[in-house]
Amino acid sequence: MFKKSRRKIVAAIMTVLVLLWGGFLVAIYASSYYEMNKQDKQMLQTHAEMYVLYQVSNTQQPDRPIPGGNHGFKHDFDPDSPKFKLSTFYTVAISYDGEILETRNDPPTVYSNHELEMIATKIIKSGKTIGTKDNLSFCKTDKDGYTLVTFMDNTVINESAVMLFRYTLIFGGVALVLFFFLSVFLARKIVDPLEKSYRKQKQFISDAGHELKTPVSVVNANAELLSREIGDNQWLQNIQYENERMGILVGQLLDLARSEDVTPQMEHIDFSRLVAGEALPFESVAFEKGLALVSDIADNIEVEGNSTQLRQIISILLDNAIRHSTEEGKVSLSLISDHGYGMLSVINKGDEIPEEKREQIFERFYRVDTVRNSEDNHYGLGLAIAKAIVTSHNGTIDVLCYDGLVEFKVKIPAL
């Protein structure tokens with residue numbers, strides 16, 4: 001239980017850290033990407049505005065419609081800034097008829113003139129005005145007689161960004177690993193006091209059960225002797241009745257302590273045979289309450305477990321189902337093989353258990369009906385004992401409510 005709590009704390013801390021780290025990372029790189037694109041657009045527009053074509057083809061037709069024109073913009077970038085002067089620009093001027101008028105790529109660097117011209121032609125055909133192509137940012141502009149495609153080379157910037165992103169992931173991953181070990185340490189510090197308190201509580205229950213066992217036995221023996229001396233007596237009967245109830249409670253406390261603290265001795269068990277044998281005595285108990293116990297037990301289901309404790313689970317669930325059946329009918333007991341597990345199911349007609357209380361019913365002394373007292377010699381320990389036994393057998397126990405039925409389902413690993 002406490003290991004599970006520690007894992008949940010570690011998972012919660014790491015989830016928050018990963019979300020924060022990822023959120024900051026996305027925010028930083030998204031804002032940087034947006035700002036870089038904005039500056040690229042401004043520089044490209046500034047460069048296009050400053051561009052002057054020195055050689056004009058005779059086929060120019062300045063009066064023709066301008067595809068994707070971009071008239072009247074005002075650049076917001078300072079052409080005298082160091083960033084603008086150090087940036088690498090390429091330009092391709094193309095007539096409306098598709099003739100290459102001029103390509104500026106002095107000196108040729110990463111891209112050849114032919115590559116730039118091919119890219120520029122595709123951009124004009126696509127109708128895009130602003131965008132990126134590989135490591136190039138581009139801007140298509142109308143220059144009153146021809147179309148100018150301006151490129152800016154972002155190879156160095158992109159490689160720097162990739163390298164920065166790579167190192168951010170590496171050092172962020174290392175930091176998360178360190179935070180993981182720190183969260184494990186913090187989880188232990190948080191859970192340890194609760195675990196110590198829980199152990200002290202279990203030790204108290206065990207010690208109290210053992211200490212009470214002797215006086216209960218003494219009171220019972222003396223009451224028996226006294227009844228032989230004086231015969232029937234109302235006050236003596238009250239003492240015997242309450243002492244019997246006390247003995248049952250002490251026995252259940254000791255069962256719970258053994259289930260939680262003592263590692264059971266495991267053996268190879270024919271679970272099918274054990275369930276069938278344990279169900280027989282409850283047929284008469286169910287009959288007295290006007291119920292029929294219907295069993296459907298698959299053969300040859302074998303488990304590794306403690307026979308005494310497994311019998312106790314069956315007894316607890318059947319007793320619980322018979323006592324809480326709301327009308328005459330049947331109680332169904334089944335055992336099947338389910339994906340490597342022996343699945344034991346006990347179903348009865350009963351009041352639906354509220355969703356928020358279905359986990360609580362497996363806690364000590366918890367009873368769904370808080371108005372009822374302990375006159376039936378049940379103190380809310382049976383299901384707590386059952387869960388402790390199932391847990392010690394590496395299994396699970398759940399309660400389901402549907403169509404006016406209540407089903408307790410136990411899964412134990414099969415051989």
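Arg323 counts as partly exposed, at 25% relative accessibility. Here buried means under 20% relative accessible area, exposed over 50%, and partly exposed in between, with a 1.4 Å probe and protein chains only. The model is predicted: local features need pLDDT of at least 70, side-chain atom pairs count only at pLDDT 80 or more, and totals for chains, interfaces and linings use all residues. Residues are numbered from 1 along each chain as its sequence is written, and side-chain values use heavy atoms, with hydrogens and water left out.

The side chain of Arg323 meets that of Asp319 in a salt bridge, at 3.0 Å from N to O. A salt bridge is a side-chain nitrogen of Lys or Arg within 4 Å of a carboxyl oxygen of Asp or Glu. Asp319 is also partly exposed, with a relative accessible area of 24%. Both residues belong to helix α7 (residues 307–323). Because they are four residues apart there, Asp319 and Arg323 are separated by about one helical turn. Helices (H or I, at least four residues) and strands (E, at least two) are DSSP runs, numbered from the N terminus.

By the salt-bridge rule, the count comes to seven. Two of them involve Arg358. Its side chain meets that of Glu352 at 3.2 Å, N to O. The side chains of Arg358 and Glu355 also meet at 3.2 Å, N to O. Arg358 counts as buried, at 13% relative accessibility. Glu352 is exposed, at 59%, and Glu355 is exposed, at 59%. Salt bridges with shared partners join Glu352, Glu355 and Arg358 into one network.

The protein has eight helices and twelve strands. Strands of a sheet pair through backbone hydrogen bonds, either parallel or antiparallel. Five strands form an open sheet in the order β7-β9-β10-β12-β11, with mixed pairing. Two strands pair if DSSP finds at least two bridges between them. The edge strands, β7 (291–297) and β11 (396–402), each pair on one side only. From one strand to the next, the twist averages 15°. Axes are lines fitted to C-alpha atoms, for helices over the stretch in contact, and angles run from 0 to 180 degrees between N-to-C directions.

Within this sheet, β10 (residues 341–349) and β12 (residues 405–413) pair in the antiparallel sense over nine bridges. Ser345 has Lys409 of β12 as its bridge partner. Helix α6 (residues 271–288) packs on the sheet and touches β7, β9 (329–338), β10 and β12. The direction of α6 makes about 170° with that of β7. Helix α8 (residues 382–392) packs on the sheet as well, touching β11 and β12. The direction of α8 makes about 130° with that of β11. Contact means heavy atoms within 4.5 Å.

Contacts were also counted over the whole protein. Among those with a separation of 6 or more, 72% are between residues 24 or more positions apart. Of the 415 residues, 37% count as buried. The accessible surface comes to about 24800 Å², and 56% of that belongs to carbon and sulfur atoms. Accessible areas come from the Shrake-Rupley method with a 1.4 Å probe; for residues, only the protein chains shown count as cover.

A nonpolar surface patch of about 620 Å² is made by Met163, Tyr167, Ile170, Phe171, Val174 and Leu178. Patches are made of residues with over 30% relative accessible area and no salt bridge, with like charges joined within 9 Å and nonpolar side chains (Val, Leu, Ile, Met, Phe, Trp, Tyr) within 5 Å. Phe171 lies in helix α4 (residues 155–230). At 57% relative accessibility, this residue is exposed.
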